[in-house]
Amino acid sequence: MALSNSSLGYLNYPTQVIFKCCKLIPVLIGGIVIQRKAYGCLDFSAAILMSLGLTWFTLADVQVSPRFHPVGIAMISLALLCDALMGNIQEKFMKRYQAINSEIVLYSYSIGVLYIGAALVITGQLLPAIHICSKYPTETYGYGFLFSLAGYCGVNVVLTLVRTCDVFTAVTVTTFRKALTIGLSFFFFEKPFTIQYLWSGILVLIGIYVNYYGKTHKLTFREVVVQLLSGIIRLGRAGRKKKNEPVFIQ
């Protein structure tokens, strides 16, 4: 979280969101490395489709072009790596030691507070932060409390998904939330609709369907290619058959 927020000092918001939309891919790789999971080609295809769709959504939703900076790219890349590691390690510990949600939240965020506190002391930002909080208590402590409460509820929902399903499913749901947020924004804010939103939404929906199909049908890459080619052949035959049907003139 610290790396993700700090990257905004070097990247603009659209660039950060584009990187965060690709979170599914490092989560898949982390599951293979950390938990020795075996993901199929449909899982990777779903991750790539959803990442491309959400990236296209972001580019259509903003008027500012992405701005890249080496330091910012390094920060957001490390943030994605940490997210992939943390999610897979949490799933591994929850299933091995039967850890409850509150225990995971307590230890994860307590250690994070120590790291961020040490960084504030080293960089000399702790005293200015305390001064700003005391100067604007409502905007800092008040909004901070509401943000923390909403975040706690959201983290518990995500951890429940990790426990009952897996981390890839949880990240898929949180990734789809970005597209849902952009879709709902049309009801609350007046902004023009472009065809790019439609194609982006179709890509995201196809990715979700491919993910669901991959969960219910355990197919190898060869079987997927065979089914795809057979479907194309059937469509071609149906088209030729319809073309060769005699036309009766009344």
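1. Asn156 counts as buried, at 16% relative accessibility (buried is under 20% relative accessible area, exposed over 50%, partly exposed in between, with a 1.4 Å probe and protein chains only). Asn156 sits in helix α8, and its side chain reaches the backbone oxygen of Tyr152 at 2.9 Å.

2. A word on the basis of these values: this is a predicted model, where local features need pLDDT of at least 70, side-chain atom pairs count only at pLDDT 80 or more, and totals for chains, interfaces and linings use all residues. Residues are numbered from 1 along each chain as its sequence is written, and side-chain values use heavy atoms, leaving out hydrogens and water.

3. Now to the helix packing. Helix α8 (residues 137–164) packs against helix α5 (residues 70–97) at an angle of about 60°, with the axes 9 Å apart. Helices here are DSSP runs of H or I, at least four residues, numbered from the N terminus. Axes are lines fitted to C-alpha atoms over the stretch in contact, and angles run from 0 to 180 degrees between N-to-C directions.

4. Gln90, Glu91, Met94 and Lys95 of α5 meet Leu159, Val162 and Arg163 of α8, with contact meaning heavy atoms within 4.5 Å.

5. The ring centres of Phe93 and Tyr97 are 5.6 Å apart with planes at 70°, so the pair is edge-to-face (centres within 6.5 Å; planes under 30 degrees apart are stacked, over 60 edge-to-face, the rest tilted). Both residues belong to α5, four residues apart, about one turn of the helix. Phe93 is partly exposed at 39% relative accessibility, while Tyr97 is exposed at 54%.

Conventions: Helices (H or I, at least four residues) and strands (E, at least two) are DSSP runs, numbered from the N terminus. Rings of Phe, Tyr and Trp (its six-membered ring) pair if their centres lie within 6.5 Å; planes under 30 degrees apart count as stacked, over 60 as edge-to-face and the rest as tilted. A polar contact is a pair of N or O atoms within 3.5 Å; within protein, one must be able to donate a hydrogen and the other to accept it, and residues adjacent in sequence count only if both atoms are side-chain atoms.
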